[in-house]
Amino acid sequence: MKNKLSLQKTRNYSRIVIALVALICNSVINAEAQSAFKVGIAGLNHDHINGILNEYAKGKVNIVGIAEHSKYLQEKYRKKFHLPDSLFFDDLKTMIAARKPAIVLGYNAAANHVDIVEVCAPLGIPVMVEKPLAATLEQAKRIEVLANKYHVSVLTNYETTWYPSFQEAYNIINKDSIGLIRKMVVHDGHQGPVEIGASAEFLSWLTDPVLNGAGALNDFGCYGADLMTWLMHGQKPIAVTAVARHYKPDVYPKVEDDATVIVEYPTATGLIEASWSWPYGIKDMEVFGQTGYLRAADGNNLTMKMRDKMQSTKKLEPLASPMDSPIPYFTAFLNKTINADEDRSSLKYNMIVMQILDAAKRSIKESKRIVL
């Protein structure tokens with residue numbers, strides 16, 4: 001009997017070891033696949049570039065070339081991250097011809113995202129840009145035409161896509177656990193890009209009405225528009241009403257530093273609050289359903305309250321790869337192991353985001369509700 005038990009324990013132990021080895025091997029293979037993917041960078045005047053270059057320094061992403069015309073920016077990041085001179089090129093076409101990246105990531109002004117797609121799309125190279133998709137709806141439409149004509153993917157990277165709390169809220173809503181959505185409230189903002197120490201090259205376009213398309217409305221309002229489009233499964237709103245304020249005209253003379261947008265759906269209402277004038281940074285989301293309420297207070301904490309029941313809050317673990325950060329996500333999407341066509345990053349959803357932002361700008365300019 002003891003021998004049989006001992007044999008069974010040995011077998012169980014062997015199974016556990018085999019399973020762990022398989023898990024480790026799969027993780028290594030996935031990591032190697034991601035790091036082997038040839039990544040090209042277009043632009044260095046967006047401060048989010050620090051994130052991807054940190055990943056490169058850790059060996060987590062294989063950057064094969066960086067296109068940036070500014071010699072100052074080339075030198076700045078070469079020194080900061082100890083990058084080789086051979087990584088830098090003065091223009092995107094030259095970089096692509098020399099290094100042949102499999103994907104290109106855009107870290108430039110929102111108005112110049114279309115320029116990246118115009119170079120990459122005819123070559124069949126997929127693109128991911130930092131939010132928003134473009135500075136204007138017209139530019140977004142040009143991107144959509146190019147993507148469809150050349151059958152290439154164009155994704156948009158939002159920080160909130162990688163928040164466990166937002167994903168969990170979406171999962172709960174999809175299970176019909178709080179009933180039909182009636183109201184969504186999304187806050188995104190901080191003290192202001194100047195106040196938090198954004199770089200001069202970032203500020204040069206972020207606070208420009210042409211290069212960014214707006215101020216806080218485009219910079220932070222796009223988050224709410226994207227999340228609402230996602231929660232509503234790509235449903236287009238029926239009307240948009242917006243108000244913009246200039247609380248700090250001496251700091252931001254050309255663009256608004258605060259915006260409030262009402263987004264109307266047939267069965268729900270969305271409220272987007274975007275600002276460069278808050279006392280501290282906020283990225284949260286509230287969803288009111290027929291029978292329950294959800295609040296993602298930040299990236300990790302989610303509160304749920306049902307009718308006549310106690311409120312509960314839980315801290316969530318980080319999302320599993322490839323849903324935890326841009327490069328694994330983009331790699332998995334291109335390898336067709338996930339489908340991003342109905343997700344926050346998708347071109348389909350971000351065209352709706354651009355329609356909401358465009359309607360908000362028109363509403364502000366014309367002081368009226370814009371029917372879509």
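Just after helix α7, Asp176 adopts a positive phi of about 65°, where helices (H or I, at least four residues) and strands (E, at least two) are DSSP runs numbered from the N terminus. The model is a predicted one, in which local features need pLDDT of at least 70 and side-chain atom pairs count only at pLDDT 80 or more, while totals for chains, interfaces and linings use all residues. Residues are numbered from 1 along each chain as its sequence is written, and side-chain values use heavy atoms, with hydrogens and water left out.

Helix α7 itself spans residues 164–174 and is largely enclosed by the rest of the structure, because eight of its 11 residues are buried (under 20% relative accessible area, with exposed over 50% and partly exposed in between; 1.4 Å probe, protein chains only). These buried residues are Pro164, Ser165, Phe166, Gln167, Ala169, Tyr170, Ile172 and Ile173. Their cover, judged by contact (heavy atoms within 4.5 Å), includes β7 (181–189), α9 (216–231), β11 (282–289), β12 (292–296) and β13 (301–306).

Six strands form an open sheet with parallel pairing in the order β3-β2-β1-β4-β5-β6, two strands being paired if DSSP finds at least two bridges between them. The edges are held by β3 (88–89) and β6 (154–157), each of which has a single partner strand, so one side of each lacks a neighbour in the sheet. Strand β5 (residues 127–130) pairs with β6 in the parallel sense over four bridges, and Met128 has Leu155 as its bridge partner in β6.

A search of the whole structure finds zero disulfides, a disulfide being a pair of cysteine sulfur atoms within 2.5 Å. Cys120 is buried, with a relative accessible area of 0%, and Cys222 likewise counts as buried at 0% relative accessibility.
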